[in-house]
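Please read the following report alongside the sequence and the 3D view.

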Amino acid sequence: MRHAPLNSRDRELDRFRFRIAFAGGAVLLAFALLFGRFIYLQVVQHDYFRTRAEDNRISLVPIPPNRGVIVDRNGVVLARNYSAFTLEITPSRVADLEETIDRLAELVEIQPKDRKRFRKLREESKTFESLPIRTRLSDEEVARFAANRYRFPGVEVKARLFRQYPLGATASHALGYIGRINDRDLETIARSEQDANYKGTDHFGKSGLEQRYEFQLHGETGYEQIEVDAGGHAVRSLSRTPPVPGNNLTLTLDSKLQAITEKAFGDRRGALVAIDPTTGGILALVSVPTYDPNLFVDGIRSDDWEALNNSPDKPMVNRALNGAYPPGSTFKPFMALAALELGKRTPQQAIADPGYFNFGGHTFMDDKKGGHGMVDMYKSIVQSCNTYYFALANDLGIDHIARFMAPFGFGSRTGIDIDGESEGVLPSPEWKKRRFKRVEQQKWFAGETISVGIGQGYNAYTPIQLAQAMATLANDGVMFRPHLVRHITDSKTGEKTLIEPEPLRTIPLKPQHLETIKRAMVGVNKEGTGARAFAGAPYEVGGKTGTAQVYSLRGGTYNRDKVKKDLRDHALFIAFAPVDKPRIALAVLVENGGFGAQSAAPIARMVLDYYLLGKLPPGPAGEDEAAEDE
Amino acid sequence: MMDIRHLLRRAWARLVGHLDAPLLAIMFGIMLLGLATVYSATADTSNRTLAQAMNMGIGLCVMWGVAQLPPQKLMRFGVPLYALGIVLLVLTFLFGITVNGSKRWLSIGITRIQPSELLKIAVPLTLAWYFHKHEAALRLRHYAVAAILLLIPFLLIAKQPDLGTALLVGGAGFYVIFFAGLPWKVIIGLGLIGAAAAPFAWTLLHDYQRRRILTLLDPSSDPLGAGYHIIQSTIAIGSGGPLGKGWLAGTQTHLEFIPERHTDFIFAVFSEEWGLLGNGVLLLLYAALIGRGLMIAANASTLFARTLAGSITLSLFTYAFVNMGMVSGILPVVGVPLPFMSYGGTALVTLCLGTGILMSIQTHRMLVKK
């Protein structure tokens with residue numbers, strides 16, 4: 001208790017009033033701070049925020065263009081677009097995704113595979129993207145969803161264009177496929193400074209022509225200026241710039257020939273490349289087994305993907321461009337040509353073939369026991385005599401072989417208009433030095449040259465390299481860049497841009513030498529290893545069989561039946577026809593097909609019969625069991 | 001005739017007798033601006049103007065009713081309301097309904113209530129009563145007890161978590177303690193301890209609360225997430241410019257870029273359409289409201305009335321300052337409405353309860369002295 005309550009009370013009141021004044025001062029200070037902030041925002045920064053508000057108001061909504069169509073040389077459509085309704089979910093705008101999908105399933109059919117695919121898409125995409133849960137809705141399903149739309153915020157029906165490959169699996173390795181844009185594609189887009197043009201696009205070429213010609217096929221994105229709210233709802237349209245559809249591709253490929261060839265392989269694995277030697281235009285680019293590119297368009301289902309990816313037949317590998325195989329005896333015509341050009345042999349010069357070749361204490365065996373007898377150049381090709389080439393390789397030496405073969409494109413990319421082509425291996429001492437790290441492995445042994453002479457050893461070429469080399473030889477040394485697109489049609493002007501035949505180089509070859517080799521190759525199909533396959537052919541055709549060793553036999557003899565199927569040799573065949581004015585050159589490879597004469601040559605026969613005569617084959621090319629080995 | 005006129009005059013006197021004209025005029029001014037802004041913010045979608053006018057009507061009735069009660073009667077409500085509030089808060093803590101990750105609501109059969117709202121009035125009422133009771137011999141321990149009485153609801157609300165309401169309740173309680181004469185030494189000491197403990201407090205914050213503070217420092221770091229509100233509202237304010245875009249002409253508002261535009265972010269709508277000029281007027285109105293409140297407090301006759309009036313007035317300030325500060329991007333986003341502007345019945349009733357108390361204190365002053 002204080003002594004002077006009244007006085008104390010007054011003092012207390014004074015103290016209180018001081019605190020009130022203090023609070024009032026604080027309030028004024030705080031409001032002054034706020035007002036300062038308002039002045040800063042509304043006067044100092046006004047112009048900046050006015051622009052920001054203006055940008056907010058008008059949104060540019062991209063209108064993706066129609067992708068260009070791909071047709072074959074005869075106008076058959078290989079890739080086109082169709083419009084369909086999809087049911088799409090924007091995961092970020094949906095609280096409980098699973099529950100929403102369950103409720104949607106009551107309205108439209110949603111199968112487990114659709115859920116699986118959606119889950120996969122989700123993992124690959126950003127949350128603010130809208131992702132399809134169902135594609136190709138029926139009109140009834142669209143109507144049913146529309147009536148219940150209000151129950152599903154973040155879910156909408158969209159009309160979208162889909163890519164379709166009407167021929168299915170045919171030519172899939174050439175066409176490739178499109179799929180949803182991923183991070184790597186975004187990088188490609190950014191590098192090409194196409195960012196703006198890809199707003200609104202959600203598919204991108206992933207392989208084949210779809211990938212290489214992506215920026216031709218894509219077209220120009222249109223824009224609609226729309227007044228929108230923050231929720232992205234359009235208020236009204238202010239202006240519209242229509243999209244420009246992508247350019248159309250017309251291929252050199254003959255889809256009928258392609259389909260017949262794929263069928264000719266039956267269930268065997270392999271590749272075939274057929275080229276027009278006078279232009280480099282590719283007539284057929286086959287890699288079997290194929291796959292159906294339509295599977296990839298809406299996002300591939302995981303079980304489909306597993307099946308394709310885990311198949312021992314590796315259908316996703318483009319063997320024509322990425323498989324590297326020893327050329328086997330198909331290498332011999334080029335070796336013979338080298339001998340002529342470098343003056344190491346004359347056509348008439350003959351050797352006595354005892355059936356083996358001794359070199360440095362090692363015996364290289366010929367396929368034929370006891371040998372071929374006296375062998376000149378013609379016979380060496382027609383009968384595919386190894387001993388002749390063992391000796392020739394030794395005489396030429398590895399440096400000369402490598403230097404002569406390189407211009408034909410062996411061991412370097414052909415430059416075909418599909419990405420990811422393999423280089424193959426043209427063996428040489430320099431190559432060995434690059435290839436191996438350890439010094440003792442880098443040395444080139446003279447014995448290694450001997451196997452190179454018959455297309456074995458380190459030799460490894462892609463089927464398209466073999467086809468290109470064949471085409472170059474058939475075209476008398478004038479080499480074209482192989483290509484699939486004949487011309488590009490501008491969608492705006494209708495103007496056609498011809499992909500001009502692009503001569504890569506002219507190899508100086510003496511006409512009489514070429515004549516010698518071509519005659520010998522004709523001989524192969526008349527009286528040699530290809531004679532059975534080409535019996536009764538009404539056109540003149542040059543060819544050469546080959547067998548690529550998968551399994552190295554040390555000293556023993558090769559017994560086809562004793563060797564497991566996947567260790568059987570690869571069968572090869574190269575051919576060109578008609579001989580005096582070649583219109584087609586090709587290379588065939590049948591994996592584990594055994595002898596070239598037996599499984600590869602009959603396929604070549606079918607292709608040539610159709611392309612030159614229009615003759616349709618009755619079924620897959622059979623294996624010629626009685627074919628002679630080479 | 002004379003009788004009727006006389007009767008009318010008496011009825012009028014009865015009606016306005018306990019109302020404070022300046023306070024009421026200022027409130028009307030702010031409410032009118034509020035109605036116009038709620039109209040602009042909601043007319044495009046679902047018009048809430050009429051509903052808000054009704055809320056205001058209810059609020060004014062509550063205010064009138066409270067103003068009739070003398071402070072001595074108000075004092076009696078303190079402890080029961082406080083006790084009820086704490087019980088409800090504990091029940092909410094145990095059985096509350098979780099909405100958007102925080103447990104703020106309690107279901108009571110027909111409807112759900114937010115008990116923390118009750119504490120905004122109950123806490124200052126109780127503390128003011130407590131100091132009033134011990135007025136004769138205030139010792140430091142009384143301030144300590146008051147602090148504990150304040151901390152219990154504060155922590156329960158902060159735990160929900162509802163930082164906005166916790167701050168308002170905490171503020172209201174602290175203002176009472178401050179006006180009751182908490183020594184400056186203690187205030188400064190607590191301030192220093194608080195500053196030292198800030199890093200520790202940071203670790204106690206929820207992720208989303210930390211994010212809000214970080215977002216305040218750099219809204220562009222998360223333009224589609226937590227920073228979105230701040231970015232859009234500062235654009236609205238800044239693009240309003242000195243004179244504003246005009247009523248109903250705010251693009252940010254009408255194109256729905258401003259979230260919560262009729263509730264917590266209504267200031268962005270107002271500011272976009274009325275500009276710096278409008279902001280100045282609004283600030284003046286709030287300053288006048290607070291000034292009048294402080295005047296009432298200064299003239300109040302008892303410790304209870306003084307501390308309560310001071311606390312209510314400074315709470316009004318806290319509402320206004322925190323809201324405008326958050327919308328203009330200088331304070332983190334917390335759920336605090338703009339007094340008499342934001343749409344919402346609960347907040348309006350609470351605020352009117354406060355101004356009703358102020359009026360009661362002002363108009364019962366003389367009677368107490370007699």
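The report turns to the basis of the model, then to chain B, the interface and parts of chain A.

This is a predicted model, in which local features need pLDDT of at least 70 and side-chain atom pairs count only at pLDDT 80 or more, while totals for chains, interfaces and linings use all residues. Residues are numbered from 1 along each chain as its sequence is written, and chains are lettered from A and ligands numbered from 1 in the order in which they are written.

Chain B contains 15 helices and three strands, where helices (H or I, at least four residues) and strands (E, at least two) are DSSP runs numbered from the N terminus. Of its 370 residues, 49% are buried, that is, they have 20 or more other C-beta atoms, placed from the backbone, within 10 Å of their own.

At the interface, 34 residues of chain A are in contact with 39 residues of chain B, contact being a separation within 7 Å between C-beta atoms placed from the backbone. The elements of chain A that give two or more residues to its side are tabulated here.

| Element of chain A | Residues |
|---|---|
| helix H1 | 5-44 |
| helix H2 | 46-57 |
| strand S8 | 222-228 |

Among these, H1(A) gives the most, with 18 residues.

Elsewhere in chain A, helix H23 (residues 596-613) is mostly covered, with 15 of its 18 residues buried, and A:Gly614, which follows H23(A), has a positive phi near 75°.

Chain A also holds an open sheet of five strands in the order S12-S11-S23-S22-S21, with antiparallel pairing, where strands pair if DSSP finds at least two bridges between them. S21(A) and S22(A) (residues 570-577) pair over seven bridges, and A:Gly543 stands opposite A:Ala575 in S22(A).

Note on methods: A residue is buried if 20 or more other C-beta atoms lie within 10 Å of its own, exposed if 12 or fewer, and partly exposed in between; C-beta atoms are placed from the backbone. Two residues are in contact if their C-beta atoms, placed from the backbone, lie within 7 Å.
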